[in-house]
Amino acid sequence: MRYGCDELGIYTIILSLEKAEKICIGALGEIDFAPGCYAYTGSARGPGGCRRVDRHIEILRGTRNTRRWHIDYLLAQAGLVEVFITRTSRDLECIIAEMVGERLVPIKGFGSSDCRCISHLHYGEDLVSTMAAVSLAHSRAASMTLEPSRE
């Protein structure tokens with residue numbers, strides 16, 4: 001299954017961990033991850049657009065070994081649950097991550113080394129609350145991408 005497309009956008013990948021894991025996350029070092037769900041928000045506004053999501057899925061499935069971003073280290077240990085994509089050329093990555101963080105627990109510094117956000121990875125104990133938080137954030141962001149009517 002391919003998630004990406006050539007369009008630009010912001011995505012959130014929901015992952016699951018069955019058991020507690022200690023994972024070395026590049027320059028962040030070792031992080032203890034509790035079992036549960038994780039929501040990672042990223043930008044696909046560069047060349048290739050939302051095909052970046054497909055790259056993440058390749059790492060998750062073990063068909064790509066290159067580790068470039070924080071999320072790449074977690075992907076190798078997690079299971080894929082769902083992908084949300086808001087197609088937009090607007091820079092809404094941090095806004096969506098912040099909205100997800102209003103309902104879920106941030107993993108400090110994860111995926112946010114190039115911005116001022118607390119995190120772009122958030123933890124939820126259960127799938128229902130994690131899906132609800134991400135769905136709401138993307139719904140709210142989608143309404144921000146609409147052009148105002150000029151009638």
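Predicted model: local features only at pLDDT ≥ 70, side-chain atom pairs only at ≥ 80, totals over all residues.

Reader: Which residues point one way from β1, and which the other way?

Author: Residues are numbered from 1 along each chain as its sequence is written, and side-chain values use heavy atoms, leaving out hydrogens and water. In a regular strand, side chains alternate between the two faces of the sheet. In β1, one way go Gly9, Tyr11, Ile13, Leu15 and Leu17, and the other way Ile10, Thr12, Ile14 and Ser16.

Reader: How many residues of strand β1 are buried?

Author: Strands here are DSSP runs of E, at least two residues, numbered from the N terminus. Buried means under 20% relative accessible area, with a 1.4 Å probe and protein chains only. β1 covers residues 9-17 and is largely enclosed by the rest of the structure, because the buried count is 9 of the 9.

Reader: Over how many bridges do β1 and β5 pair?

Author: Strands pair if DSSP finds at least two bridges between them. β1 pairs with β4 (residues 36-44) in the antiparallel sense over 9 bridges, and there Ser16 partners Cys37. With β5 (residues 79-87), Ile10 stands opposite Thr86, and the antiparallel pairing runs over 8 bridges.

Reader: Now the loop: which residues does Gly111 touch?

Author: Gly111 lies in the loop between β6 (105-106) and β7 (121-124), and at 14% relative accessibility it counts as buried. His70 is 41 residues away in sequence, yet its C-alpha is 5.7 Å from that of Gly111. Counting contacts as heavy atoms within 4.5 Å, and leaving out residues up to four places away in sequence, Gly111 touches Tyr40, His70 and His120.

Definitions and conventions. Buried < 20%, exposed > 50% of the residue type's maximum accessible area, 1.4 Å probe, protein only. Helix = DSSP H or I, 4+ residues; strand = E, 2+ residues; numbered from the N terminus.
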